[in-house]
Amino acid sequence: MIEPLQYEFFLRALLTSIIIAITSSFISPFLISKRWSLLGDAISHAVLPGIAIAYILKIPFFIGAVTSAIITAIFVGFIENKTKVKGDTALGIGLSGAFALGIAIMSIIRTKDIDLYHILFGNVLAIRNSDVILVSVIAFIIIVSILALYKGFVLWTFNNTLFKLYGFPDELFRYFLIILISISVVSAVVAVGIVLAVALLIIPGAIGYLIFKRISDIIKFGAFISIISVVLGLYSSYYLNVSSGPAIVIILTIFFIITMFISPKDGIITRIIRTYKRKKQIEWQDKIKLLYELSENGLSIENIKGIKIFEFVKLGIIEIDKGKIKFTPKGKELAQRLIIAHELWESYLKSHNVAEKLEHYSDEEIIKILNDILKSKD
Amino acid sequence: MISLRISNLTVYYDLNPILIDIYLEFESGKIYGIVGPNGAGKSTLLKSILELVNYEEGDIVFFENKRFREIKEKVAYIPQKEIIDWDYPITVFELVLLGRYVHTGILGRISKFDREIAINALKKMNIYELKEKQISELSGGQQQRALIARAICQDAQLYLLDEPFVGVDIITERKLFEIFQELKKENKTLIIVDHDLARVQKYDELVFLNRKVIAKGKPKDVLSSENILDLYSEKLII
């Protein structure tokens, strides 16, 4: 664990990747809730021509990258707004057009100063000091902007109409968010390259989406999971000799898949368990109802076969006194609610089978309203 | 008091007239139903009131002589449920609290006072126990109540509701009308867009709208076979 930390290049890579991981997590939930994942992808591909042109013009790569990213984003918005072409198609055009332009320019200039493979797939282990500064500045801008305008971004992404009605600047926020996405893409490109940059921007948020119910929690957890991913990615790159960019993205993807199954909120396994529990609950309620109806006819314990009496006692539904079954107040209330709900639904819908199902989903409020409706019908 | 006065409103979409020469007045303490078939321009009317669409001609004033921009916090828009992203990661409490943003602005802080207002709105709508749930966990009726709680939290006087009964069962519909009655008692104005004639008796005042105002007044005066035929007839005489 300690060994790679002796090397300056590894430490630098680690620090930079962690900063990038945090930065991306701040943008991630907004990108996802706006369904702009593909926009992130288009912007990251648009970085390539920017870098190539910056090389020709001898200006810093960063400026070229951000400029072409923003131009592409605006171009895509223009196609979407001014033609009948839908958003995803517009993005597809922007993405492939910009990427093709970048590759074409690269193939003309054929320079050894730019390593195309590194730009496409990232090589954070070969990072320069200037990149560290760039990434830190981007992180600062993004984190401060999101924290300061958090309420605005939540309202804007959640309900754009309300945002406008409240008199807030809609267009300004749109372009500001696009600019923030563009610069965060540029920083993600440093870590994992153009092709994989979008992964760093969407996977942390996607994981959070499956677990949390607040944007702020998604950001925090996204940062946490991305930091773990970049650290694991860099170590596996060092020890297993895997490219660092793909290693990071593979680990993030694995985290996503795990979450998809075990998320307490909406995981696939959680859902199966929930359905099973619900089914069990309905079975129990049916048994309670049956038992109650029988006990109304003076049933004693010897008469019952096939029902595990002690379990009902354990649940506090019934008590047994001198061999006689007695419902507890709690048990009585539950059983009567089921029976009343059944009767009401049956007289409302004229169907025994449907009433048999709906009784399990009827609380006091539904019973009361149903009762009112039936009364007003008479 | 007159909460909203629309005069001489005409709205075009491309070259098609969507609303033609609309004159309407809405008083406080009343529940208005704006009824008409699909494509009659009901939503466009709401959007014109909210300045979400441009209108060629006409004048819309609030509370005697104010413009929308001056009193925007007094007007609450409750859109059709379908246009809200119910999977958005936001809790019921946070959703209701959004109503305070019009007062605090984007940069302002949410104070304890704002939170208290939001909590009262939740209690009033009977969804206080659900406040920490994500909005995706709510039933259709609860979602509708959460949206109304947001409007209450905003401290609105004029409520514009776009098809609140779509996809809502009869039980929830009754509940919603109880809520509307309560708001009416507080002297609010409710303008409810409704495509269906099933509920017309429940409104205090009706507006039959199909690009033009076909009839307006109390339900018993407006409901005549002539008016209903006019309202739902395909051909429109301009």
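Reader: Which residues of β8(B) lie on one side, and which on the other?

Author: The model is predicted: local features need pLDDT of at least 70, side-chain atom pairs count only at pLDDT 80 or more, and totals for chains, interfaces and linings use all residues. Residues are numbered from 1 along each chain as its sequence is written, while chains are lettered from A and ligands numbered from 1 in the order in which they are written. In a regular strand, side chains alternate between the two faces of the sheet. In β8(B), both faces are covered, with buried residues on one side, Glu205(B), Val207(B) and Leu209(B), and on the other, Leu206(B), Phe208(B) and Asn210(B).

Reader: How many residues of strand β8 of chain B are buried?

Author: Strands (E, at least two residues) and helices (H or I, at least four) are DSSP runs numbered from the N terminus. A residue is buried if 20 or more other C-beta atoms, placed from the backbone, lie within 10 Å of its own, exposed if 12 or fewer, and partly exposed in between. Strand β8 of chain B, residues 205-210, is mostly covered, the buried count being 6 of 6.

Reader: Which residue of the hairpin of β8(B) and β9(B) takes a positive phi?

Author: Strands pair if DSSP finds at least two bridges between them; β8(B) and β9(B) (residues 212-217) do so in the antiparallel sense over 5 bridges. Asn210(B) stands opposite Lys212(B) in β9(B). The hairpin has 1 residue between its strands, and the positive phi, near 70°, belongs to Arg211(B).

Reader: Which residue stands opposite Glu205(B) in β8(B)?

Author: Strand β3 of chain B (residues 30-35) runs parallel to β8(B), joined to it by 4 bridges. Opposite Glu205(B) stands Tyr32(B).

Reader: Which strands stand at the edges of the open sheet of 3 strands in chain B?

Author: The strand order is β2-β1-β4, with antiparallel pairing. β1 (residues 2-13) and β2(B) pair over 8 bridges, and Tyr12(B) stands opposite Pro17(B) in β2(B). Each edge strand has a single partner, so one side of each is left without a neighbour in the sheet; these strands are β2 (16-27) and β4 (57-62) of chain B.

Reader: Which residue takes a positive phi just after α5(B)?

Author: The buried residues of α5(B) include Ile152(B) and Cys153(B). Just after the helix, a positive phi of about 70° is taken by Asp155(B).

Reader: Which element gives the most to the side of chain B that touches chain A?

Author: Counting contacts as C-beta atoms, placed from the backbone, within 7 Å, 21 residues of chain B are in contact with 24 residues of chain A. Two or more residues come from each of α3 (101-104) and α6 of chain B. With 3 residues, the element that gives the most is α6(B).

Reader: How far apart in space are Gly64(A) and Ile53(A)?

Author: Gly64(A) lies in helix α3 of chain A, residues 61-82, and is buried, with 22 other C-beta atoms within 10 Å. Leaving out residues up to four places away in sequence, Gly64(A) touches Gly50(A), Ile51(A), Ile53(A), Ala54(A) and Ile59(A). Gly64(A) and Ile53(A) are 11 residues apart in sequence, and their C-alpha to C-alpha separation is 6.7 Å.

Key: Two residues are in contact if their C-beta atoms, placed from the backbone, lie within 7 Å.
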